[in-house]
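Me: I have a structure open and would like to go through it with you. Can we begin with the ligand?

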Amino acid sequence: MYKLPTFCSMPSGVSLWPRMFQASMKLQNEGYGRCTKVSRNVNLERLQKDYLFPEISKRELQHLQKYPNAKLISLGIGDTTEPIPENIALSMANYAHALSTTGGYSGYGAEQGNQVLRKAIVETFYKDVLIKDTEVFVSDGAQCDISRLQLLLGSKVTIAVQDPSFPAYVDSSVIIGQAGDFKDETRKYQNIEYMHCGPQNNFFPDLMATTRTDIIFFCSPNNPTAHAATREQLQQLVKFARDNGSIIIFDSAYASYIMDDSPRSIYEIPGAKEVAIEISSFSKFAGFTGVRLGWTVVPEELLFSSGFPVINDFNRIVSTCFNGASNISQAGGLACLSSEGFGAICSLIDYYRENAKILVNSLASVGLEVYGGVNAPYAWVHFPGSKSWDVFIEILEKAHIITVPGCGFGPGGEGYIRMSAFGHRESILEASWRLEKLFS
Ligand SMILES: Cc1ncc(COP(=O)(O)O)c(C=O)c1O
């Protein structure tokens with residue numbers, strides 16, 4: 001048994017034993033180490049253990065040990081599965097190959113992204129809403145820009161999130177120091193406004209009951225609920241932000257899945273440019289989860305309380321903390337937005353949409369309360385009166401399917417399960433059949 005060296009000091013006011021136990025367990029797992037005199041960032045200490053996905057992986061492993069012959073299907077982590085269309089992959093390969101030549105070599109590019117790609121993003125996604133290419137910052141993915149935006153905003157701002165929501169908003173907020181302690185009773189951090197979004201309120205927060213915050217993270221279509229906010233809902237949100245002098249950080253990572261007339265960008269709402277930043281991604285749009293490419297729009301009209309343009313500070317953050325997306329990924333991004341590439345990507349999106357339809361229809365056919373599957377590649381399934389983890393275990397145990405317990409996305413997700421429609425068609429069909437059998 002490893003013994004902690006006596007020179008390891010513990011932060012005062014913290015119970016020693018659980019921490020010592022954790023530390024010794026960690027050291028046992030990672031090998032022998034010697035404590036430095038550097039104390040741990042208190043914000044990271046405040047962060048809850050990364051519980052959800054490691055716990056799912058642990059249970060997956062245990063399940064495979066228990067049932068070595070089980071044909072496990074994963075509807076868990078929302079990662080794309082289908083190959084990138086060949087012309088897009090080729091454009092990246094050609095670009096990479098050209099780097100080996102004198103004529104084709106290029107080093108650092110503009111921190112804000114390739115000018116041609118910025119123009120193509122505007123042309124493809126913001127043609128009718130008058131966003132300028134200089135307001136688009138190409139990134140290595142939306143998740144990275146969530147953290148860069150937190151760096152831009154600093155620790156003093158207050159934030160609101162949809163509940164449930166993509167965990168990176170809350171976690172990055174804790175890391176930067178905006179949040180208070182985590183309260184076990186409520187499963188919430190102090191100083192964060194959790195805006196409950198469920199079927200009772202058509203997945204849109206009751207803004208009359210929402211406390212004003214500086215920043216409002218809002219994701220549409222939402223991960224995990226798959227709800228795309230309607231035009232009317234987004235008009236209310238923009239008005240709320242304008243009335244309160246707040247900034248919306250609008251995450252449109254799944255906008256390309258929208259089938260109805262829900263807005264694909266917050267800038268479709270008049271007045272949004274003065275109150276909203278938009279983050280987006282090639283990940284779910286083009287299967288670039290591994291390639292890494294995204295963008296953020298910061299309109300010139302968006303100002304801090306002093307009148308200073310937010311875009312100027314974001315430009316500074318990007319130049320200091322980033323240095324630009326990979327030129328190979330950007331070549332791929334440009335190929336995605338060519339007419340041939342875009343057509344191929346639309347077929348890919350249609351494929352996942354069809355998966356979502358199959359899954360949702362199966363779940364509904366056995367009387368389950370299921371949401372989503374139309375404007376986003378997720379099914380959000382309600383099991384009233386049950387705990388998410390209990391349902392997760394039942395589905396795993398009886399159908400050999402990995403899902404995601406909804407409580408991992410915030411307290412508002414308790415009692416729900418998220419199922420991803422990213423997968424090969426045969427797996428989705430097999431999973432749908434097993435789920436029908438389990439719940440009928
Ligand atoms: C809502 C949402 N935003 C952002 C991301 C991260 O996107 P990226 O791969 O571009 O970092 C995800 C990934 O699942 C997501 O669900």
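This is a predicted model: local features need pLDDT of at least 70, side-chain atom pairs count only at pLDDT 80 or more; totals for chains, interfaces and linings use all residues.

Reply: The ligand is surrounded by 13 residues, and Gly141, Gln143, Asn223, Ser281 and Ser283 are the closest. A residue counts as near if its C-beta atom, placed from the backbone, lies within 6 Å of the molecule.

Me: How does the shell around the ligand divide into nonpolar, polar and charged?

Reply: Four residues of that shell are nonpolar, eight are polar and one is charged. Here Ala, Val, Leu, Ile, Met, Phe, Trp, Tyr, Cys and Pro count as nonpolar, Asp, Glu, Lys and Arg as charged, and the others, Gly among them, as polar.

Me: Ok, new topic. Which strands pair with S10?

Reply: S2 (residues 136-139) pairs with S10 in the antiparallel sense over four bridges, and Ser139 stands opposite Gly294 in S10. S9 (residues 276-281) also runs antiparallel to S10, joined by four bridges, with Ser280 opposite Trp295. Strands are DSSP runs (E, at least two residues), as helices are (H or I, at least four), numbered from the N terminus; two strands pair if DSSP finds at least two bridges between them.

Me: Which way do the residues of S10 point?

Reply: Gly294 and Thr296 point one way from S10 (residues 294-297), Trp295 and Val297 point the other way, and all are buried. Buried means that 20 or more other C-beta atoms lie within 10 Å of the residue's own; exposed means 12 or fewer, partly exposed in between, with C-beta atoms placed from the backbone.

Me: And how much of the whole chain is buried?

Reply: Of its 440 residues, 43% count as buried.

Me: What domains are there?

Reply: The assignment gives domain 1 (1-39), domain 2 (52-83 + 344-439) and domain 3 (86-340). The bounds come from an automatic or database domain assignment.

Me: How many residues do domain 2 and domain 3 put into their contact?

Reply: Domain 2 gives 25 residues and domain 3 gives 35. Two residues are in contact if their C-beta atoms, placed from the backbone, lie within 7 Å.

Me: Which elements of domain 2 are on that side?

Reply: Helix H12 (339-365), strand S11 (369-372) and strand S12 (378-382) each give two or more residues to the side that touches domain 3. H12 provides the largest share, five residues.

Technical notes. Residues are numbered from 1 along each chain as its sequence is written.
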